[in-house]
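Look over the sequence and the fold first, then read on.

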Amino acid sequence: MAFELPVYHEPDFGASMFRNAPDAQLAEVEMDGVAPEGFHSTSMYPEYFRIGGEWVLAKESRMDSSVVVNDDGTLSVVENRNLKKGQTIVLGRSEDGHEGVYVHTTGFTDPNEAGDDGQFVFRQGRSRETSYARDYDKLVDLLQYEHDNGNVLWVMGPAFAFDYDARRHMQAMIEAGYVNGLQAGNALATHDLEAATLHTALGQDIYTQRSMPGGHHNHLDVINRVRRAGSIPNFIEEQHVDNGIMYALVKNNVPFVLTSSIRDDGPLPEVIANAYEGQTQIRGLVRNATTVICLASMLHTIAVGNITPSFHVMPDGTVRPLYLYAVDAAEFVLNKLQDRGSLSATTIVANVQDFITIVSRGLGVFPE
């Protein structure tokens, strides 16, 4: 069966609860980076605000931010740290419409995943005992749809760079057009480039897993050489790199954002050291995404999950779901993601090497 997007149903604004609701209360920001008391904090769901007698959707949302009312009546969802003095924001802590704020949690009816009542149901808690065969089939169908109609952001931990097959299969996915953006840290890029040039990751052969003599220097040598080259693309060109994840991203002009950790070596030139600047750059990737797939990184998975809404407004104004997948060998990581409020996450307990092999073969792009 061909993949079908769930149909979005906006609230019935003709109902009396909406017609009789007051406009949302507003207040002016008095200090840069500080919201007025009682500010409305956004969620992952579509949210509507009654402004000038009309219910207006905040199109680019994320959790835990404020809603700025622009001069033209449109709404912007802005992190509190980015608020500017003089801006007007929405107040209100209730979400049922009676304060002019309505959080719409039941907007989708999914032909692929509808329950008996027709309500769209996201997957809930999973465990290593769960059967994932159907999840893989659905993900393959989704990625085939997104290839021509959407934007897929991949969030990756360094485990990919430590495995020979995982690197090859991920490279094939990028080259086949199933990757529209990547977010990772210093480690993924470093060890992928180490694998590309020295066939090791942290000094271990990526196929045999044998520790190589003096191998603990390898990733540091690679970082040093990339820094000398000035950038990852320059290093790839100078070293004649012809394989791997970073190579495929650069060759196919796929945007990537690398963010830092306090434990980083180096780091590589492209790694963003300022955490808030990194978050801003990640949000830029999320704004374009219609599917986000997070793999083997609790830090990056939760960080991106906090920025990712459950919906995406297309250029033509159509509202569609934004799919969020999280894959990890540890159930704790996946439960942690859902604990922070991401009820829309489909979680799969698996190591990423098996995951990417199954997905790439399902799509018919796996390397020989």
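**Around Gln183**

This is a predicted model. Gln183 touches Leu153, Trp154, Val155, Met156, Val257, Thr259, Ile282, Leu285, His300 and Val304, leaving aside residues up to four places away in sequence.

*The Gln183 site*
- Gln183 sits in strand E11, which spans residues 181-185.
- Its relative accessible area is 0%, so Gln183 counts as buried.
- One partner stands out by name: the side chain of Gln183 makes a polar contact with the side chain of Thr259, at 2.9 Å.

*Nonpolar cores*
- The largest nonpolar core has 73 residues.
- Within that core, Leu143, Trp154, Phe160, Met173 and Phe355 touch the most other members.
- Phe355 touches Tyr136, Leu139, Trp154, Ile293, Leu295, Val327 and Ile348, again not counting residues up to four places away in sequence.
- Another core, of 11 residues, lies apart from the largest one. Among its members are Trp55, Leu57, Phe311 and Val319.

*Helices H4 and H5*
- Helix H4 covers residues 186-198, and helix H5 covers residues 218-229.
- Their axes come within 9 Å and cross at roughly 100°. H4 is therefore roughly perpendicular to H5.
- On the H4 side, the contact is made by Asn186, Thr190, His191, Leu193, Glu194, Thr197 and Leu198.
- On the H5 side, they meet Asn218, His219, Val222, Ile223, Arg225 and Val226.
- By class, this contact of H4 with H5 has five nonpolar, six polar and two charged residues.

Terms used. Residues numbered from 1 in each chain as written. Predicted model: local features only at pLDDT ≥ 70, side-chain atom pairs only at ≥ 80, totals over all residues. Heavy atoms only, no water. Helix = DSSP H or I, 4+ residues; strand = E, 2+ residues; numbered from the N terminus. Buried < 20%, exposed > 50% of the residue type's maximum accessible area, 1.4 Å probe, protein only. Polar contact = N/O pair within 3.5 Å; in protein donor to acceptor, adjacent residues only side chain to side chain. Contact = heavy atoms within 4.5 Å. Core = buried A, V, L, I, M, F, W, Y, C linked by side-chain atoms within 4.5 Å. Axes fitted to C-alpha atoms, helices over the stretch in contact; angles between N-to-C directions. Parallel < 35°, antiparallel > 145°, perpendicular 65-115°, else oblique. Nonpolar A, V, L, I, M, F, W, Y, C, P; charged D, E, K, R; others polar.
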